[in-house]
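Q: Could you take a close look at a single part of this one for me? I'd like to follow it from one residue out to its surroundings.

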Amino acid sequence: FVGRHLELHELLHSCLTNQITCVYGAKGYGKSALILEAAAYLRQRGAFPHGIFCCSLEGLRRTDRVRARLGATLHFPARSNDELSTHLAQYNCCLLILDRCEAAINASRPQFVFFLHSLLSAGVRLLLCSNSSSLLAADDFAAAHDADDDARMTTPVSIYSITLAPMSERDAALLLIELTERELDAAELLDEAAERAAGSSAPADVLTALRRHELIARLGGV
C-alpha cells in the first residue's frame, strides 16, 4: 500500500471509536483502496470478531435496493429494515463497509439515513465511502432518531468524516512506480528542454525524475 498513511491511521482510529466513519473524495483519489487496506489491517488483528463485510452500492438510488444488496452480501433476509437489523443484532461486533454510496445519498438522503440508523440500532459499526460532496452529519441521524418510534439508541450517533485531498507528488510518483509493468529509468523520464530551462541538474533517481515529470502534475494526485 503506497501513500495515505496519515489518512489510514485516522481511518483505523475512527472505525474503532465511532459508530460511523465517512470517507469522501473525488473519483480516482483512492477511496476504495484506502478502505480495503484498513479492512485488511483490522481483520488481521481481529478488531471485529463477528466479521468485516464490504458491499458496493454503486448506482443504487433507492433504499429498498440498498437493503436487498446488503442482505445478499450478508446472506440475510432483508424484506424490511427491522428484519435485517434483527439478524444483524446477532453479529453486532462487526464492521459494515458500504462503498460508493453517492447515488443513495444524492437521490434519497432521508430514507438512506433512516436505513443506516436502523443498522446502527443493531450495534454494528459503519464505514461509508462516497464521492458525493453532500456530507452526512450527526444532525441527519438526530432527525432519523426522532422519526423512529422504536428507536433503541438513546445516545447521539458518533460520526466522523475524512475528506481525501489529492496525493502528494512523492506519493503519486511512488504509486505510479508500483503500478508500472516494467522498471523505469530516470533518463527516459527527463524532459531535457524543461530541465535546461529550469537550470536544474538531472535527477539521480527514478523517483525524483518522476516527481518532476509533467505526468504527475497532469494527474493532480489522482
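A: Let's start with H75, which counts as exposed because its relative accessibility is 71%. (Exposed means over 50% relative accessible area, buried under 20%, and partly exposed in between, using a 1.4 Å probe and protein chains only.) Keep in mind that this is a predicted model, where local features need pLDDT of at least 70, side-chain atom pairs count only at pLDDT 80 or more, and totals for chains, interfaces and linings use all residues. Residues are numbered from 1 along each chain as its sequence is written, and side-chain values use heavy atoms, with hydrogens and water left out.

Back to H75: its phi is positive, about 60°, even though H75 is not a glycine. You'll find H75 in the loop between α3 and α4. (Helices, H or I with at least four residues, and strands, E with at least two, are DSSP runs numbered from the N terminus.)

(Axes are lines fitted to C-alpha atoms, for helices over the stretch in contact, and angles run from 0 to 180 degrees between N-to-C directions.)

So what about the strands under discussion? β2 and β3 run parallel and are joined by five bridges; two strands pair if DSSP finds at least two bridges between them. In this pairing, F53 stands opposite L96 in β3. Zooming out, five strands make an open sheet with parallel pairing, in the order β2-β3-β4-β1-β5. Its edge strands are β2 (52-56) and β5 (159-163), each pairing on one side only. Ignoring direction, neighbouring strands of the sheet are turned by 15° against each other on average.

One last stop takes us to R100, in the loop between β3 and α5 (102-107). Like H75 with its positive phi, R100 has a positive value, near 55°, in a residue other than glycine. R100 counts as partly exposed because its relative accessible area is 36%.
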